Amino acid sequence: MTEAALQMGKRRHVLDLDDFVPEEFEEVFAQADAMAEVLARPIAQVPALRGVTVVNAFYEASTRTRISFEQAAKALSATVVNFTAQSSSVVKGESLVDTVRTLEALGADVVVLRHAMSGAPYLVARHFSGAVLNAGDGRHAHPTQGLLDIYTMRRHLGEIRGIRVVIVGDILHSRVARSNLWGLTKLGAQVVLCGPPTLVGPASYWEAVFPNVRVCYALEEAIAGADVVMALRLQKERQESGLLPTLREYIRLYCLTPERLALAAPHALVMHPGPMNEGVEISPEVATCAQSVIEEQVTNGVAIRMALLYMLAGRKAEA
Amino acid sequence: MRLWIRGGWVIDPSQGLNQAADLLVEDGRIAQIVPRGAEAPSFVAEQTLDASGCIVAPGFIDLHCHLREPGEEDKETIATGTRAAARGGFTTVCAMPNTIPPTDTAAAVRQLREMAAQRGVVRVLPVGTITKGRAGKELAELAELSEAGAVAFSDDGSPVVDGRIMRHALLYSTMLGRPILSHSEERDLSADSDMNEGPYCTVLGLRGNPAAAEVAAVAREIALAELTGGHMHICHVSTAGAVELIRRAKARGVPVTAEATPHHLTLTDAWVAGGRLASQLSLPESEPLIPVPPDLPPYHTATRVSPPLRTRCDLEALWEGLRDGTIDAIATDHAPHTWVDKECEFGYAAPGISGLETALAAVLELHRKGVVDLPVLLRALAWNPARILGLPYGTLQVGRPADVVIFDPEAEWVVDPAAFASKGKNTPLAGVRLHGLARWTLVEGRVVWGPPAAPGR
């Protein structure tokens, strides 16, 4: 058994990628390969997690991630309970700790948590005896998205070490960017963060934390020779809160257009975590061009989530 | 009634004392200081405290303390808060007025004093609000608050946003001779923030409070003190930029004083990241004086405090400020909260640290690590706060009230919030090994903390 297997075997939760070791990524990806094979079968379901209860606790609106987790759990024959709550009801006095205890008492084995507040999964993990899978917390982390993004890159580019990834858009508010940063830098990729300074934040903050990360405000310069170009969703409220002069100016400077994509390496992949604002951060032609792997990201997401659910909860099912 | 404090090392910055000496307390006042080796005194004392191995110093005065009563007795009461103060070596605490209702009328001040007289273990001095209801719109009746016993005015917890109101408060206070205690924060810059803005904030995905939010607000307060001649006291200074502004203001004679808290003097934003991430990143720009415990979880809400824990550069500026007198006082900003207030998402957690019972040991780290001398720390804990408020305490001068702390600077202990007298168990220092414990605390010659005095000399 490799050290990585021991690492993953010891792991109770996946809350972020900041505590992953490089071998652990390989372990998850190998498991995801097996899950992708399951998904390709005529009957895409295995009994691996029969008797395991997975609760999708979504404190923030999400369609895509929730459906992806639900599909992953069902493909493994887990019992799936979906639970949605508005963060505002939490503020009104329905505490997260109380909810977690209730879920525990109801026999939940895995809690998949989506929450608007950064760090919330750590609180849940402290009060829950089962496994916690972070499905996105505030601006902090979205580890399954980071893993599926890197998994997708690896399938097309082979090696992650040495590749150049440009992430363009609202980096400051993006948990997807942060999880990709941890994963990619741990695996030896170079990352360029690109966007207006108000949406990237001071370069010194990023460069202090991550090796191999560079901040660049000009998309044309950032994109030159890139192996992967990842556009992030731009929330319309960023303009209202004074971070941007106009959407129009943002589009002029940062929309991923065919002309800009032409500056990247010829084999460059186009990625987007969704949901897309076509015509804002990415032009419709680029979103659907031959280099785009955006739909494949969605498919790979189910395989990655199956792999993680299996690795975290599989032991219980076997017992 | 005579009490002899024997065998200790007396440090009293108010009179430059730093020597082995015995202290005679008579009828609640300092009667005599007898340097060791001097001629044996002729008096006979009814009671004795054996202070061997201990420092004997003026009882600490906390300019900034939240006792929560009335209104939030689940967080703290006058009884529990003042007991915590006594255990921490404090003999006087200033009760901040952000209670429910706030201390914004003479009646509220009188009520607080009555409650303190009945249930307080140490002396409680009320701070009145600056504005009615702490709403920042109209001045409270500052003269009447002062007559009723308010020693200073503050809307602490919130800044006075309207500069015109702050100007009038300062100007009005000049006829009362009482300071304005300013919570200096430019809210447009710090709104909805969780922690200090910087690399840790960025990687944790929390909302940043930039140092500039404090620096900009302090600049306004200094300008208004200069304009009005009113005594402006800056609460819980946390940034290097504010220290520098205060230093320059003092140099040109502006009536400004300042305090810093034990947590802002010893901890940094690395504490918010928790032990694993802090050690993984080991950012030198956020290296705290007290190392982050390896098992401290990330996003621990005990580290959520306003103003937020800052950086190494801010710590060093605060130390320099203490050494050169720019930072006059060490105040706890003791902010007790319940488990429910804190055991929630970081962004929803109430800001504040329960600090009375760890303050001494935390600031002694500055002495142990050689960055600030013990007499400087003791001056900031007692004599300077007394002078800021014009109080007859904070000194061991003969004839003054015998407010005394006797502490063992080497006593090693592990912080256990469950053992706190305070109801507020919210401290990031839980489980941390510190040095320094108050063995006895005396208010006007009465032992309010520590074993009873032994009979005879």
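This is a predicted model: local features need pLDDT of at least 70, side-chain atom pairs count only at pLDDT 80 or more; totals for chains, interfaces and linings use all residues.
Visitor: Which domains does chain A have?
Guide: Domain 1 covers 3–138 + 298–318 and domain 2 covers 143–288; these bounds come from an automatic or database domain assignment.

Visitor: How far apart are the C-alpha centres of the two domains of chain A?
Guide: The centres lie 26 Å apart. The contact takes 21 residues from domain 1 of chain A and 17 residues from domain 2 of chain A, where contact requires C-beta atoms, placed from the backbone, to lie within 7 Å.

Visitor: Which elements give two or more residues to the domain 1 side?
Guide: They are H2, strand E4 (131–137) and helix H16 (294–318) of chain A. Helices (H or I, at least four residues) and strands (E, at least two) are DSSP runs, numbered from the N terminus.

Visitor: Turning to helices, how do H2(A) and H7(A) cross?
Guide: The axes of H2(A), residues 22–39, and H7(A), residues 143–157, come within 11 Å and cross at roughly 75°. Axes are lines fitted to C-alpha atoms, for helices over the stretch in contact, and angles run from 0 to 180 degrees between N-to-C directions. H2(A) is therefore roughly perpendicular to H7(A); angles under 35 degrees count as roughly parallel, over 145 as roughly antiparallel, 65 to 115 as roughly perpendicular and the rest as oblique.

Visitor: Which residues meet there?
Guide: Phe25(A), Val28(A), Phe29(A) and Ala32(A) of H2(A) meet Leu147(A), Ile150(A), Tyr151(A) and Arg154(A) of H7(A).

Visitor: And at what angle do H7(A) and H8(A) pack?
Guide: The angle between H7(A) and H8(A), residues 175–186, is about 55°, and their axes are 8 Å apart. The two helices are therefore oblique to each other. Among the residues in this contact are Pro143(A) and Gly146(A) of H7(A), and Val176(A) and Trp182(A) of H8(A).

Visitor: How many residues of each chain are in contact?
Guide: Contacts link 21 residues of chain B with 24 residues of chain A. Helices H6 (199–204) and H10 (270–281) of chain B each supply at least two residues of the chain B side, and H6(B) gives the largest share, four residues.

Note on methods. Residues are numbered from 1 along each chain as its sequence is written. Chains are lettered from A and ligands numbered from 1 in the order in which they are written. Two residues are in contact if their C-beta atoms, placed from the backbone, lie within 7 Å.
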